[in-house]
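Please open the structure in your viewer and keep the selection panel at hand. The tour goes from one selection to the next and says what is found at each stop.

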Amino acid sequence: MSGQSITDRITAAQHSVTGSAVSKTVCKATTHEIMGPKKKHLDYLIHCTNEMNVNIPQLADSLFERTTNTSWVVVFKSLITTHHLMVYGNERFIQYLASRNTLFNLSNFLDKSGLQGYDMSTFIRRYSRYLNEKAVSYRQVAFDFTKVKRGVDGVMRTMNTEKLLKTIPIIQNQMDALLDFNVNANELTNGVINAAFMLLFKDSIRLFAAYNEGIINLLEKYFDMKKVQCKEGLDIYKKFLTRMTRISEFLKVAEQVGIDRGDIPDLSQAPSSLLDALEQHLASLEGKKVKDSTAASRASTLSNAVSSLANTGMSFTKVDEREKQAALEEEQARLKALKEQRLKELSKRPSFATTDTSPVSTTAACISTAPAIDLFSTPSFNCFRSDIHWNQPGEKKLTGGMNWQPKTAPSTTWNPVSMVQLYFILIKFMMTQPTMMYTQPVMRPSNPFGSVSSAQVQPLQSL
């Protein structure tokens, strides 16, 4: 199936009628089209997570509702959209997901509509498990491992021993869930699963970088730990070596599907002599007989191991910084394109400074330049008839004595008022009247803590 289905269009139309722009965009991002969610829809939803008047639970519920669909395409794209918002959206989105008792319940999902549905259903089950684990990890440590500060003064490098021993296993669980996606290059056959793989690839780089820094911190503290702590630390380090092998295989798949080699970090494993040194130190604490080793040789082994892991961390950091720079350049290019488009639109607008000698414009000019109208007098409208005027002769000079004459009222000759003059008097009068404003009460949501939708739906009045 390709293109938007009738169901997609009907659902989007329903959300348009109810005024829910968020739900409408979620629907458009998770259509039946066999392609990843469109960038414009993802960008809008990211913007929504940053708006305080947007109801985050409603946004999340809209995505959860789409995962109840029977089509693998809709469900997969719903998971991809959720993952995208967890990575690039406001932190309050992942905070809400972490606060929920249940998230995606897709462990038994199966699309039986065709062979492709069977294949993709397997990855949907694995992908949903990772997103659940990502939210659970946030709930346990109150931050996202893929976004923590790294470096010598980073979060994982400055943890104390007790907290470190509790935190690293949480990273391990999330890393296991990610690597359990377990996809081969020949299984990345469509735009939907490819979009999911790219998000997992980016998460794997940041997650393993934090994991690597936690191990460096662990090694630096190992020879000062108590016996029980050393035992936990040694078990953690052995699991780390196993996961380093698995992440190497995952990155090979990324290279096979065309991801630039410069975007794939190099992994440097610690020397095997380090594991021997760690095991011998624990054995000595347990009272077992071990090989004699000087403090100098032990310090040298530890230094070499930390140096190798630090090089791996730098490689991951460079890849991460390169991605951030690429994202910044893409955003700048987009803003430049929008600016050029805006200037182009402004240049196409018609100019209103041209001289217009049409009868309509001449009439309008007369109205705008006419003096204020006194309803008890008749002003001259020179624009139309110059012969319409007052005819009031001046008074004769009065003299005294025998030539005195009684004062008479001045005579006034009225010229007939033309219909054109009356017409414009009426227009001027109407233009000076105040405009009537009609207000309509705004409907308020019943829940004072809910969001105010951008469009209020008014009931239809019967004619």
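Select Leu42, Leu45, Ile46 and Thr49 in helix 3 together with Thr81, His84, Leu85 and Tyr88 in helix 5, since these are the residues through which the two helices meet in this model, which is a predicted one. The residues of this contact divide into 5 nonpolar and 3 polar, with no charged residue among them. If you draw the two axes, you will find that helix 3 and helix 5 come within 10 Å and cross at roughly 50 degrees. An angle between 35 and 65 degrees counts as oblique, and helix 3 and helix 5 are therefore oblique to each other. The crossing in which helix 3 passes helix 5 is right-handed.

Next, select helix 6, residues 91-99, and colour Arg92, Phe93, Ile94, Leu97 and Ala98, which are buried. Which helices do the buried residues of helix 6 pack against? Their partners are helix 3 (39-49), helix 4 (56-66), helix 5 (72-88) and helix 7.

Is aspartate 111 buried or exposed? Its relative accessibility is 6%, and because the cut-off for buried is under 20%, aspartate 111 counts as buried. Not counting residues up to four places away in sequence, aspartate 111 touches Thr70, Ser71, Trp72, Gly117, Tyr118 and Ser121. Of these, threonine 70 is 41 residues from aspartate 111 in sequence, while the two C-alpha atoms are 6.3 Å apart in space.

Finally, select lysine 134, which has its place in helix 7, residues 115-141. Lysine 134 is buried, with a relative accessible area of 1%. Leaving aside neighbours within four places in sequence, the residues in contact with lysine 134 are His83, Met86, Val87, Asp144, Thr146, Gln174 and Asp203. To finish, display the side chains of lysine 134 and aspartate 144, which are joined by a polar contact of 3.5 Å.

Notes
Residues are numbered from 1 along each chain as its sequence is written. This is a predicted model: local features need pLDDT of at least 70, side-chain atom pairs count only at pLDDT 80 or more; totals for chains, interfaces and linings use all residues. Side-chain values use heavy atoms; hydrogens and water are left out. Helices (H or I, at least four residues) and strands (E, at least two) are DSSP runs, numbered from the N terminus. Buried means under 20% relative accessible area, exposed over 50%, partly exposed in between (1.4 Å probe, protein chains only). A polar contact is a pair of N or O atoms within 3.5 Å; within protein, one must be able to donate a hydrogen and the other to accept it, and residues adjacent in sequence count only if both atoms are side-chain atoms. Contact means heavy atoms within 4.5 Å. Axes are lines fitted to C-alpha atoms, for helices over the stretch in contact, and angles run from 0 to 180 degrees between N-to-C directions. Angles under 35 degrees count as roughly parallel, over 145 as roughly antiparallel, 65 to 115 as roughly perpendicular and the rest as oblique. A crossing is left-handed if the near helix is turned anticlockwise from the far one by less than a right angle, and right-handed if clockwise. Ala, Val, Leu, Ile, Met, Phe, Trp, Tyr, Cys and Pro count as nonpolar, Asp, Glu, Lys and Arg as charged, and the others, Gly among them, as polar.
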